[in-house]
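Subject: Structure handover

Dear colleague,

I am passing a structure on to you. Please look it over together with the notes below it.

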Amino acid sequence: MKIGLIRHFRVLHPYPQKTFVDTQELLQWFEDYDKAEIETSEVDLEGINWKHCYSSDLYRCLQTAKHFYPGIVMKRKELREIPMTPFKMSLSLPFLLWAMLVRLSWSTNQKKKKEIIKIRQGINKLLDDILDKKEDTLIVSHGALMIFIEKELKMRGFHGPKLRNPLNGKLYIYQNED
């Protein structure tokens with residue numbers, strides 16, 4: 001059985017032009033990013049007859065999946081990106097510093113840690129459902145979430161590439177011997 005992971009296509013939403021952005025501008029940027037169009041490209045599905053395709057229910061993932069998968073795309077909330085938590089400070093920082101702080105908050109913020117546990121539980125439930133079908137399946141999701149999925153697949157005996165920073169629109173295949 002094969003599981004194919006694909007990160008959504010590149011989002012056509014530039015970083016803020018200002019050097020420093022405050023929390024409101026940051027939240028607005030993320031909101032606009034969630035609605036932005038994508039830059040489509042070809043996806044090499046490596047000649048595999050994929051039986052199912054699951055996608056995050058966010059626009060960029062659904063549009064990516066519909067671009068290359070001819071069948072029904074099953075949208076799943078469990079595949080959503082880890083939500084951005086607003087910071088309780090009125091501070092202006094460079095955008096990329098904000099991005100690093102958001103990622104850092106995932107490991108230091110207790111509320112965020114609980115949210116990530118819930119996200120992992122959702123991923124596990126979805127993988128249980130997929131593995132019960134025992135058919136080659138595509139999953140279209142977000143970069144950080146793909147890393148969680150990869151770790152779970154490897155704990156379940158799948159073999160495939162180590163993900164650090166998944167490329168947009170690239171297929172990563174995980175296979176078990178069943």
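This is a predicted model: local features need pLDDT of at least 70, side-chain atom pairs count only at pLDDT 80 or more; totals for chains, interfaces and linings use all residues.

Residues are numbered from 1 along each chain as its sequence is written, and side-chain values use heavy atoms, with hydrogens and water left out.

Whole chain

The chain has five helices and nine strands; these are DSSP runs numbered from the N terminus, helices being H or I of at least four residues and strands E of at least two. From the N terminus on, the order is β-β-β-α-β-β-α-β-β-α-α-β-α-β. The radius of gyration, taken over C-alpha atoms, is 17 Å, close to the 16 Å that the globule rule gives for 178 residues, so the chain is as compact as a globular protein of that length. That rule is 2.2 Å times the number of residues to the power 0.38. Along the principal axes, the C-alpha atoms fill a box of roughly 55 × 35 × 25 Å.

The accessible surface comes to about 10,200 Å², and 53% of it belongs to carbon and sulfur atoms; areas come from the Shrake-Rupley method with a 1.4 Å probe, and for residues only the protein chains shown count as cover. Among contacts (heavy atoms within 4.5 Å) between residues at least 6 apart in sequence, 70% join residues at least 24 apart.

Helix H5

H5 covers residues 143-155, 13 residues in total, and reaches 19 Å from its first C-alpha to its last, close to the 18 Å expected at 1.5 Å a residue. The expected span is 1.5 Å times one less than the number of residues. Because 10 of its 13 residues are buried, H5 is largely enclosed by the rest of the structure. Among the buried ones are Leu145, Phe148, Glu150 and Glu152. Ile147, also in H5, touches Leu163, Arg164 and Pro166, not counting residues up to four places away in sequence. Just after the helix, Gly157 takes a positive phi of about 95°.

Ser55

Ser55 lies in strand S5, residues 52-56, and counts as buried at 0% relative accessibility. Its side chain reaches the backbone oxygen of Cys61 at 3.4 Å, and a polar atom of that side chain lies 3.4 Å from the backbone nitrogen of Leu62. For polar contacts the limit is a pair of N or O atoms within 3.5 Å; within protein, one must be able to donate a hydrogen and the other to accept it, and residues adjacent in sequence count only if both atoms are side-chain atoms. Leaving aside neighbours within four places in sequence, Ser55 is in contact with residues including Ala65, Val73, Leu79 and Val140.

Cysteines

Regards

Methods. Buried means under 20% relative accessible area, exposed over 50%, partly exposed in between (1.4 Å probe, protein chains only).
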